Amino acid sequence: MIYYIIPVIAGWILDLIIGDPHCIYHPVRLIGWLIGKLDKMLYKDTDSNRKKYYKGMLLWVLVMLATGGVTAAGLYIFYRINVTAGLIAESVMCYQLIAAKSLKDESMKVYYRLKENNIEKARYAVSMIVGRDTEKLDETGITKAAVETVAENTSDGIAAPLFYIVFFGAAGGFMYKAVNTMDSMIGYKNDKYMYFGRFAAKSDDVVNFIPARLASWIMIAATGVVQIFSKDKKYNMKDALRIYRRDKHNHSSPNSAHTESVCAGALGVRLAGDNYYFGKLVKKPYIGDDSRPVEIEDIKRANILLYVTTFLCIIMVVAVRIIIFLGRMCV
């Protein structure tokens, strides 16, 4: 039974300690490299919309086969050497799938630049973690962008990979990451990717459907934990639940507003709203109540929620893997 839980716990601990060091080439970058190569090979502007769609589907299949095949084969080889080698390999893979520390570190770069009153460096720091235009954002806009990114990626960067690790191991986690990376690279509603990237975008919606909702309820529970043990009185579990129920669909994506609405309610702030993307104004509904102004410290508060949510996710993963193991033993 211990073999079922070692990789997840070890991977989580490694993420807590090391994070995502830039000196190490991350496997997700290799997935991104493959997507970029296939994009150049398969996309033709002269193709019909129907042909673009099927080529985009082919790209998706090839990336998934390559990602699943390489990771599963790698684990098979290491476990064939011996159990210890296999556990070490899978632990490292799980570590590469959990992004809590890197998400915290990147958002805190924004926090520190804002505390220094260096708005230009704060804009640059937040541009590294968001897709919107940041050149004209003021302090409030920068802070909101950082908080929203932490909240949304609590699902994409932690809860969802762990969900697929539970049932399919590290290989399943990397296949999820492949879907997520394809969506971030080609899942746009612009002239080039409207049809070519549609399958990638829709598949991302599907694979995140359950994890986004589970992550939201876990974050609500995390808000309750922080509310009880923290001296900071800004957290409110009741409002986290209320805003989640009211605003969880206030986004064009069926999944993106779930953890964001919990975070907005938990902190008592209003997030989202209109933003510029590639120079174009995109109208978006607000998430949360404007109970108080967003402040720089909310970036720290969102990261506390991130870490407590991650801890509760790890507990749930371990519990479910033990149940699965015991179920197999009883068969």
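What is the handedness of the crossing of helix 11 and helix 12? In this predicted model, in which local features need pLDDT of at least 70, side-chain atom pairs count only at pLDDT 80 or more, and totals for chains, interfaces and linings use all residues, the crossing of these two helices is right-handed, a crossing being right-handed if the near helix is turned clockwise from the far one by less than a right angle, and left-handed if anticlockwise. Residues are numbered from 1 along each chain as its sequence is written, and side-chain values use heavy atoms, with hydrogens and water left out.

The axes of helix 11 (residues 257-267) and helix 12 (residues 297-330) come within 11 Å and cross at roughly 120°; axes are lines fitted to C-alpha atoms, for helices over the stretch in contact, with angles from 0 to 180 degrees between N-to-C directions, and helices are DSSP runs (H or I, at least four residues) numbered from the N terminus. Helix 11 and helix 12 are therefore oblique to each other, given that angles under 35 degrees count as roughly parallel, over 145 as roughly antiparallel, 65 to 115 as roughly perpendicular and the rest as oblique. On the side of helix 11 the contact (heavy atoms within 4.5 Å) involves Cys 263, Ala 266 and Leu 267, and on that of helix 12 Asp 298, Arg 301, Ala 302 and Leu 305. This contact comprises 5 nonpolar, no polar and 2 charged residues, where Ala, Val, Leu, Ile, Met, Phe, Trp, Tyr, Cys and Pro count as nonpolar, Asp, Glu, Lys and Arg as charged, and the others, Gly among them, as polar.

For helix 3 (49-81) and helix 7 (139-186), the axes come within 9 Å and cross at roughly 150°, which makes helix 3 roughly antiparallel to helix 7. This crossing is likewise described as right-handed. Residues of helix 3 including Leu 59, Trp 60, Val 63 and Met 64 meet residues of helix 7 including Ala 170, Ala 171, Phe 174 and Met 175, and the contact has 14 nonpolar, 3 polar and no charged residues.

Helix 7 also gives the most to the lining of the second largest pocket, with 6 residues. On a 1 Å grid over the protein atoms alone, a pocket is an open set of points with protein on both sides within 12 Å along at least five of seven lines, a cavity is a set where a 1.4 Å probe fits but cannot get out, and lining residues have an atom within 4 Å of a point. The volume of this pocket is about 360 Å³, a volume being the space filled by probe spheres set on the points, which are joined across faces, edges and corners. Among its 18 lining residues, Tyr 79, Glu 90, Phe 168, Gly 169 and Arg 321 are the closest to its centre, and the lining has 14 nonpolar, 1 polar and 3 charged residues.

The count comes to 1 cavity of 30 Å³ or more, and the largest cavity has a volume of about 40 Å³. Residues including Asp 239, Arg 242, Ala 264 and Ser 291 line the largest cavity, to which helix 10 (237-247) and helix 11 each supply at least two residues. Helix 10 gives the most, with 3 residues, and the lining has 3 nonpolar, 4 polar and 3 charged residues.
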